[in-house]
Amino acid sequence: MSPFYSRLAKTLDNTRLEAFKAELISRLDLRYARPGHGSFKDWQHIVESLPDISPSFVDLDRSAPIIGKATDCTAQHCVVLRQGLMALSPWRKGPFNVFGIDIDAEWRSDWKWLRIAPHLADLKGKTILDIGCSNGYYALRMQASGAAFVLGVEPVWRYVFQFSALSRYLPEPQRVFVLPLRLEELPGLNSVFDTVFSMGVLYHNRQPKCHLDQVYRVLRTGGQFVVETLIIENGDVEALIPQGRYANMRNVWMIPTYTLLEAWLKASGFINIQLIDKNRTTVQEQRQTEWMTGYSLGHALDSDDYHRTVEGYPAPLRASIVAEKPF
């Protein structure tokens, strides 16, 4: 198992997940023994080769969370650090400022956080699950909001190693962990989490209703569920099922109307369902940068009509919803 998780076992002793520690560590051991990605060892080496620098200042409660100052590292260390972080590209979520290095990620994730933060239940002292957490940007913002423990699950190794690179410089005690697992791989965590986040995940599930059922299972009674996902406007169909790609993405299986999504949430058992935000993603919020040089939203939209994707579907419309698990 990765040395970055040696702290996890100790931390679990002080959480509701203590009873699941042995099974969770066993699953992580297996995942690391069989990573299933050809670049795994390369990314692991990059993270392990990052310079040892002690940050004099950390402030995660920023649009671009700050980890260390430029004056904390030598010029050579900064060069090596920047090269290492860049080698873990593309950075989809961000921004971050790491020892003066500005990681300008593809997404302005801070914009999404600003939209949902006013509607969140108090996170102070809470145990939180962040599903599909990428490199942990939102999880770190949750920690800054006072969360006692944030467990992130992310199946994409590159993003797990991005978080490992960041967490290398975070002060103890560590309260955020990103595990290379999927929600369904967590061992029987029934009614454990005070708050569950699922942002940008639902439409990547072949069975989105099952995803909502799984969230309901792991959420404590009275807990809050925060879901952010693609939707389509109400019209002649209840859901868009792309034939092939959607906005250049291969794994978009179904995009519901809000009406259908609300019905799914109710059927799963959720109450007090509120649509807190609905907006069309712009090329200012999701765009190509030095840290993400591949295809981005600008390449996914019809150049003659930004209201359509290159495949002819409606352009990305995103909804943020909060709901509760009843007592």
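**Asparagine 205 and the overall fold**

Asparagine 205 touches His211 and Trp253 when residues up to four places away in sequence are left aside, a contact being defined as heavy atoms within 4.5 Å. The model is a predicted one, in which local features need pLDDT of at least 70 and side-chain atom pairs count only at pLDDT 80 or more, whereas totals for chains, interfaces and linings use all residues. Residues are numbered from 1 along each chain as its sequence is written, and side-chain values use heavy atoms, with hydrogens and water left out.

Asparagine 205 lies in the loop between strand 8 (193-199) and helix 8 (208-218), where helices (H or I, at least four residues) and strands (E, at least two) are DSSP runs numbered from the N terminus. From this loop position, the side chain of asparagine 205 reaches the backbone oxygen of valine 201 at 3.0 Å.

The chain as a whole contains 10 helices and 15 strands. Its radius of gyration is 20 Å, close to the 20 Å given by the globule rule for 327 residues, so the chain is as compact as a globular protein of that length; the radius is taken over C-alpha atoms, and the rule is 2.2 Å times the number of residues to the power 0.38. Along its principal axes, the C-alpha trace spans about 60 × 50 × 40 Å.

Of the 327 residues, 53% count as buried, that is, under 20% relative accessible area with a 1.4 Å probe and protein chains only. Among contacts between residues at least 6 apart in sequence, 72% join residues at least 24 apart.

Methods:
Buried < 20%, exposed > 50% of the residue type's maximum accessible area, 1.4 Å probe, protein only. Polar contact = N/O pair within 3.5 Å; in protein donor to acceptor, adjacent residues only side chain to side chain.
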